[in-house]
Amino acid sequence: MLYFVFTIDGDWDEYFDAKLPEEKRRVNDKVLAALIKREIRLAKSAIGGKMLHFVHSSPLARDYFVRPAFISLWKQIEQAGGSVGVHCHEEQLYKSWHFEDADKMKLAINFLCNGLRKNGLSPISYRGGFMTFSPKIIPFLEENNLAFDFSCEPGRHLVYNNVLVSDWQGAPGNYYRLSYEDHRKVGNSKVFEIPLGICIERLSLWQIWKKARQLKKLKETQVLSVMAHTYDYKSFKMRLKIKLALLILKRYGKFINDKEALLIIKESG
Ligand SMILES: [Zn+2]
């Protein structure tokens, strides 16, 4: 059986524009809230609300998304059958990457988890910005009852200015229990990895259809993520593409939320 978790990273365009002054790279409240409402509407109509929105946290927007205006949106997502997760961008954009800095990552993960939980939300999933990950953060995920990491894109090897940013070479193509020693290997931590299966932005609808057909042929229980970003929802064309992609994928696999994924994975042993 093939299962998909539809994930949306809560990032906006300006965040990634290193040429802008810091003030301009920050979130525009109204714009972002409107895009998130579109996420919710689209997921409701296409896949019964089963989306996983990764709430952005970074030095630039540390407490931004745990303020009441956004908490009410996160609650709408949960009420519709979806979830929110923790998405930490701790980098100084394209300059320094802190995903291996245990102290920094611990603070960031704790801060966002606590902010969401004390407002009644129940995150169980993590994804690193730029798909960064280090085994050093596994204990912090465990302490915060985060059962899943979604940072794996099998084969990914991202290097900026000779610095290795994200390395998933040799990682399994299906879900696995993370090793404390090497995040690309199966091990015995309490955190399960759910790899990226379909990136809607990078593939054409034709490629998405072909990939879904291939995946469907495999016999084992598969749980994979499907990826989009909040900034995609600005464009009508991208919203249409996301909707069509979800409708195609729905013919081959079942969309589930992360809590359902946990039950399925535990049952499969
Ligand atoms: Zn991101």
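# Strand pairing and core of a predicted model

Strand β1 (residues 2-9) and strand β11 (residues 222-229) run parallel and are joined by eight bridges. The model described here is a predicted one.

β1 also pairs with two further strands. With strand β12 (residues 254-255), β1 forms two bridges in the parallel sense, and here the bridge partner of F4 is F255. With strand β2 (residues 51-57), β1 forms four bridges, again in the parallel sense, and T7 stands opposite L52 of β2. Seven of the eight residues of β1 are buried, so the strand is largely enclosed by the rest of the structure.

| Strands | Bridges | Sense | Residue pair |
|---|---|---|---|
| β1 and β12 | two | parallel | F4 and F255 |
| β1 and β2 | four | parallel | T7 and L52 |
| β3 and β4 | three | parallel | C88 and G128 |
| β4 and β5 | two | parallel | S125 and F148 |

Strand β3 (residues 83-88) runs parallel to β4 and is joined to it by three bridges; G128 of β4 is the bridge partner of C88. Between β3 and β4 the chain passes through helix α4 (residues 102-117), and this β-α-β crossover is right-handed.

β4 is also joined to strand β5 (residues 148-149) by two bridges, and these strands run parallel. S125 stands opposite F148 of β5. Together with helix α5 (residues 138-143), β4 and β5 make a right-handed β-α-β unit.

Two residues in the loops of this unit have positive phi values. F130 lies in the loop between β4 and α5, and its phi is near 60 degrees, a positive value in a residue other than glycine. F130 has 20 C-beta neighbours inside 10 Å and therefore counts as buried. N145 is placed in the loop between α5 and β5; its phi is near 55 degrees, likewise positive in a residue other than glycine. With 12 C-beta neighbours inside 10 Å, N145 counts as exposed.

**The nonpolar core**

The largest nonpolar core contains 73 residues, and those with the most contacts inside it are F6, F148 and I194. Helix α2 (residues 29-47) provides the largest share of this core, with seven residues. Leaving aside residues up to four places away in sequence, F148 touches I124, S125, Y126, V191, F192, I194 and D258.

**The chain as a whole**

The protein chain has eight helices and 12 strands. Its radius of gyration is 17 Å, close to the 18 Å that the globule rule gives for 269 residues, so the chain is as compact as a globular protein of that length. Along the principal axes, the C-alpha atoms fill a box of roughly 50 × 45 × 40 Å. Of the 269 residues, 43% are buried. Among contacts between residues at least 6 apart in sequence, 73% join residues at least 24 apart.

Technical notes. Residues numbered from 1 in each chain as written. Predicted model: local features only at pLDDT ≥ 70, side-chain atom pairs only at ≥ 80, totals over all residues. Pairing = 2+ DSSP bridges. Right-handed = clockwise from strand over helix to strand, strands pointing away. Rg over C-alpha atoms; globule rule 2.2 N^0.38 Å. Contact = placed C-beta atoms within 7 Å. Core = buried A, V, L, I, M, F, W, Y, C linked by C-beta atoms within 7 Å.
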